[in-house]
Amino acid sequence: MSHKLVSSIIALLFLVLIQSFGGVFRFLLPVMALYTLGFLAYNYWYLKKNNVLNHWSLIRPVLFIFSMIGLYFVVPDGFFKGLFLIFSVIVIYFLEIGLLVVSEQVVFLETLVSYFALSTAIFAWNFYLLPKSTVTLLLLGVTTFLIARASFDYVPQSNQKKNFWSALITLCVLEVSWALVFLPFHFTALSVILFNVFYVLWIIVYYYLFHNLNRQKITFHVIFSSILIVLIILSTPWKA
């Protein structure tokens, strides 16, 4: 069976399972856990077969699957949820096909979409289910470190340096997250603000590790994200 065919099955199975069991959380959770284990087992076999197996190349696709499952519960029902599912299936398929490909565009897409989706889901769960800020900060810290470190896997630097910069990004994000959980904003506004903070930190470190960082890049990304954050703050109504 070809890898393209298996990738198609994996992507379509995500759609079928999440549509079939999405209405009942207690059923969806174990079903998607089994789906993720099967997905992980296949990727392990495929990467090992091609002699490119390492744990970060296994973790990165799983984080993306988790992000899509988490965001599924946040996207409103109807037209937008339909668009989201179509987007998920297409991206899962192409990411799975390119499992052996080292591409900056793929890394950017997978990293940024995963982080935005997971941070949105975590803030939503904090709003509806997990009022304890400690749990929220713990989830955000683990998510930030894993996504940042997985995205640096192909960077030509030592593991020690990649671990250090991933931990530093996580520390900075946690400092901002600690302040955000006290703001009376909707969870979507909080996730967009945190995403922009992560994006600036991550892109600067990414370019630095590739020895491709300059003042113009720093200025552009900082100003662009700052403008977005200010617009979000000004346009978001404060909760009572």
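Student: Is F79 buried or exposed?
Tutor: F79 counts as exposed, at 61% relative accessibility. Bear in mind that this is a predicted model.

Student: And what about F80, buried or exposed?
Tutor: F80 counts as exposed too, because its relative accessibility is 55% and the cut-off is over 50%.

Student: Which rings pair up around there, then? Start with Y72.
Tutor: By the ring-centre rule the count comes to 21 aromatic pairs. Y72 and F73 make an edge-to-face pair, since their centres are 5.5 Å apart and their planes stand at 80°. F79 and F80 are also edge-to-face, with 5.6 Å centre to centre and 75° between the planes.

Student: What sits over the ring of Y72?
Tutor: The charged end of K81, 4.2 Å from the ring centre. Y207 has a charge over its ring as well: the charged end of K217 is 4.1 Å from that centre.

Student: Which aromatic cluster is Y207 in?
Tutor: Y207 belongs to one with F108, Y115, F198, W202, Y206 and F210.

Student: How many residues of α8 are buried?
Tutor: 18 of the 23, so α8 is mostly covered, taking buried as under 20% relative accessible area.

Student: What happens just after α8?
Tutor: H211 takes a positive phi of about 55° there. H211 lies in the loop between α8 and α9 (215–235). At 68% relative accessibility, H211 counts as exposed.

Student: Where does N51 lie, and what is its phi?
Tutor: N51 lies in the loop between α2 (25–49) and α3 (55–72). Its phi is positive, about 60°, although N51 is not a glycine.

Student: Is N51 buried or exposed?
Tutor: N51 counts as exposed, with 71% relative accessibility.

Conventions. Residues are numbered from 1 along each chain as its sequence is written. This is a predicted model: local features need pLDDT of at least 70, side-chain atom pairs count only at pLDDT 80 or more; totals for chains, interfaces and linings use all residues. Side-chain values use heavy atoms; hydrogens and water are left out. Buried means under 20% relative accessible area, exposed over 50%, partly exposed in between (1.4 Å probe, protein chains only). Helices (H or I, at least four residues) and strands (E, at least two) are DSSP runs, numbered from the N terminus. Rings of Phe, Tyr and Trp (its six-membered ring) pair if their centres lie within 6.5 Å; planes under 30 degrees apart count as stacked, over 60 as edge-to-face and the rest as tilted. A charge sits over a ring if NZ of Lys or CZ of Arg is within 6 Å of the ring centre and within 35 degrees of the ring normal.
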